[in-house]
Amino acid sequence: MSESSPPATDRFPDTTPLRELFEAALALAPEERVAYLDARCHQPAQRAAVERMLAADVTEDAQVLDRPFNDLLERVGDIETETPAPAAGTRIGPFTLLDQLGEGGSSIVYRAEREHSGVYQQVALKLLRRGLYAEHERRHFRDERRALAQLRHPGIAHLIEGGVTETGVPYIALELIDGTPITEHVRDRSLDLRRRLELFVAVCRAVDAAHRAFIVHRDLKPSNVLVTRDGAVKLLDFGIATLLDRNDTDPTHTLHRAMTPAYAAPEQFSGGQVTTATDVYALGILLCELLTGRRREHGDTRTPSSRVTVGTSAESMPESARTVRRQLRGDLDNIVLKATATEPERRYSYAGEFADDVERYLAGLPVNAHPPSRRYRVRKFIARHRVGVASTALFLLALFAALGVALWQAGVARREAARANTVRDFIEGMFEPIREGVAKGQQPSLTELVDKGAERVTSATTIGAAERVDLLLMFSRLYDFLNERERMQELADRAGTVADSALGSDDPRALDAAVARGTAALRRSDYVAAQNLLGDAEARLRSAHVRGDAWIRVQDGLAAVSNDRGDPVATLAHERAALDARIAAYGVDSEEAAGGASNLAFALDGAGEFAEAVDAYRQAYAEGIKHGSAQFARNAVRLASLGASEMMMGNLGEARVHLRSALAVFDQLGGKPSAGHVQLIQQHCLVELVTGSSIATATCTHAVDLARGADETPGATTGRALRLQALSLMQSGDLDAAHKTLAASRILLAEKAPPTWQGRTDIALGEVLLIEGHASEAATELAIGVHRLGAGYPAYLHNHGLALLALACRSAPGTPACKGDTTGDALRSIDHDAYRWNPLLLSAHVALARIDLADGRADLAAARLQSAIDHAGVAVDPAQPYLLNARLWQAVAETRLHRCDGARHILSAVWPPASGSGVDRNPLLADALAALREAPTCGTPDR
């Protein structure tokens, strides 16, 4: 026994404080603790508490005594103060307990029922053991409960209701599921391998649905995965760990570690970040158990096939153990190993990717978990197409017998080799000064080198037409990389002229030049010219039956034109065609296919299918990382696009994180700003504005600077950035500066920008005029803007314009622009929008609430404003002007309804964030303050 051990004769009585028992045991060597606890812990509950505390100490990153004792005690559960389980008949909220269904480490589950208007509803009521006593804990519980209640999927038992009892004990009522754990289901029915995998895919799809809602289970295990009598999967307890999370500052960590050790990922033991990959690990353990009939123990790194032993592990399957072992060897082994990798980044990124790989296995396709191998892919192909491969082999034999027919290709090859040599000699000649040796300070820069090469192509007389076209197109692409758009267009036009006249319009080089001309026009944001040139190139490619890379570039370009024309249907059609061509040319797992998936996600974004777009962007980003570094510009563009889609869904916190991460990559690249960089900074400006960030103004100013650096001359790109800067000025209350900035934006957009871009500036100008009190002028501008914008992307801005137009027309009904039922049009459009509560639409809801107030419908106004404010959540700063305005108008509505306590409560919350900042003197808030002063029922505000 160690020197620190207490004498064996000093027995602790049963009332010894838990702290003393724990600290005394902690001082002993691990092998001595069992004997010590045998001698001193005579109460089972007391001993269990000490053992759990000792186990918690082993998994902590720092020594346990460096932390407060109460903190550790909270981590393992306070056994001594645990309240007895309530008896049947007890009322918990609106529910009456019927009987106990089960008991776990963190909760007791009852069958309960409630009666409403003569209808009885039975639920599974989970009574959590740990109480919530602080107000911030209760608030966190309510927020998470609201998020979980919105989680709807046929494979997830949905949360019906939740609350906290008067004694501080939280409870949740869940859909009551009559089913058995999935492991028992497959064993009792002796399901074969395919049916087990199909059932597992259904589990993954349900988990993936929760992941897309940013909810991680953290405790997936067979008892939480039930299968009903009709074979449907139902997942239990989604979000329970989140409900118990006390750490309000970090959404990825929890002090309450809800987990089952056998299925918990390594990061859950080490206190690491809990992500969707944590659930993937648990799913991997579950899959291994479904495949082998045995649960994998911690530290066991064997493959599933090596765990199957003849006569022991396959008794629940109709196949023999040898057959099962053979089926598991290879792809299924690799799938399980990838899902259960120790490092989260090596696992599947999310449950949907896991399900996709299992479905690839079921379809006989190559799986992503298998190390890349040409032999492996050939073997999988032959297994899927045995008859076709045999027929092809016979065909090849016949083809080789007629080999002489292809001898003419030798002459073609010689000509192509000569052309390649000419191009090679030309490129080497560009570097002759460096090869001959010059001072380092005199060596040309990259731009100078490209400029000199382009001049040589133009002046050289010994280069043939085909070689000249190749070189002109190459230098045009190089100018694209250097963001020199005018030079890019100049060389593409010259290549087209040479190719059409010297090679013929159907020559492959002439077709490439036609595509390059349209692409260059698109890069210069000349959408009218781009549409004409790309449309002509598409017709020529179709006539020549050419697909491949040229066809892909044309479809991508036409998609960009359609998007800016406000035609989401055409945009989607072009991007689907481009993705099909990429897969046909490069394969489904290629980086080119990942790029096509990203472009398709952008089209889905433009069509308002933001949830699908987010999924597609996540997949494209994950594929891009596999093919290159996260620091590559193309992957940063995908991450930025993911952030933009999340912003359109209203997930502002996630959007800001992704946009900032992508921006950091672009800021490191340096050089002339690219189109992706410019677009990203403008999206970043918008999300910072909407959330009320302190860096919003600086970000929007930086967006203007980048746009000016990207434009050859001030043009449409700068015009877009100026509109956003004007929004920043408007929110800060500087309406004069906002007016001037929008006027400059309008001038730049009028020359070449599509109507959709112009419409955005029109709507912004209309909003400024409305704030200034010029309702009639505002209605005119807003009507023009709504017409130009149409119903295209972004949908929120169309709804925003309709709502402001309705308010302007309510204030100036005789204005010619106010034709028809503007209020009805706005209500129909916004209330049918799946993302109508996006904080981007705060001002639109304020406008509609003001119309309700003017028409004497204060109750409707109050309800609309409350919903808009609730959905703004914690992502929007309390001092953000639009949010302040919504709260002030909410106070007006409460006053009109004679609910003075509510009005005073709102005002007491509004003024502190505005105090001393000057925000309360913002013209944007003037109408709301005036309305409050004109309604003396509850008094007037102090300011």
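Guide: The torsion about the S-S bond of C809 and C818 is about -90°, so this disulfide (a pair of cysteine sulfur atoms within 2.5 Å) is left-handed. The S to S distance in this pair is 2.1 Å. Please note that this is a predicted model, in which local features need pLDDT of at least 70, side-chain atom pairs count only at pLDDT 80 or more, and totals for chains, interfaces and linings use all residues. Residues are numbered from 1 along each chain as its sequence is written, and side-chain values use heavy atoms, with hydrogens and water left out.

Visitor: Are C809 and C818 buried or exposed?

Guide: Both C809 and C818 are buried, where buried means under 20% relative accessible area, with a 1.4 Å probe and protein chains only.

Visitor: How many disulfides does the whole structure hold?

Guide: A search finds two. One of them joins C685 to C700, with S to S at 2.0 Å, and this link is right-handed, with 90° about the S-S bond.

Visitor: Which parts does the pair C685 and C700 tie together?

Guide: C685 lies in helix 30 (residues 675-691) and C700 in helix 31 (residues 696-710), so the link ties together parts that are 15 residues apart in sequence. Helices here are DSSP runs of H or I with at least four residues, and strands are runs of E with at least two, numbered from the N terminus. C685 is buried at 0% relative accessible area, and C700 is buried at 1%.

Visitor: Changing topic, what is the secondary structure of the protein overall?

Guide: The protein has 42 helices and nine strands. Of its 943 residues, 50% count as buried.
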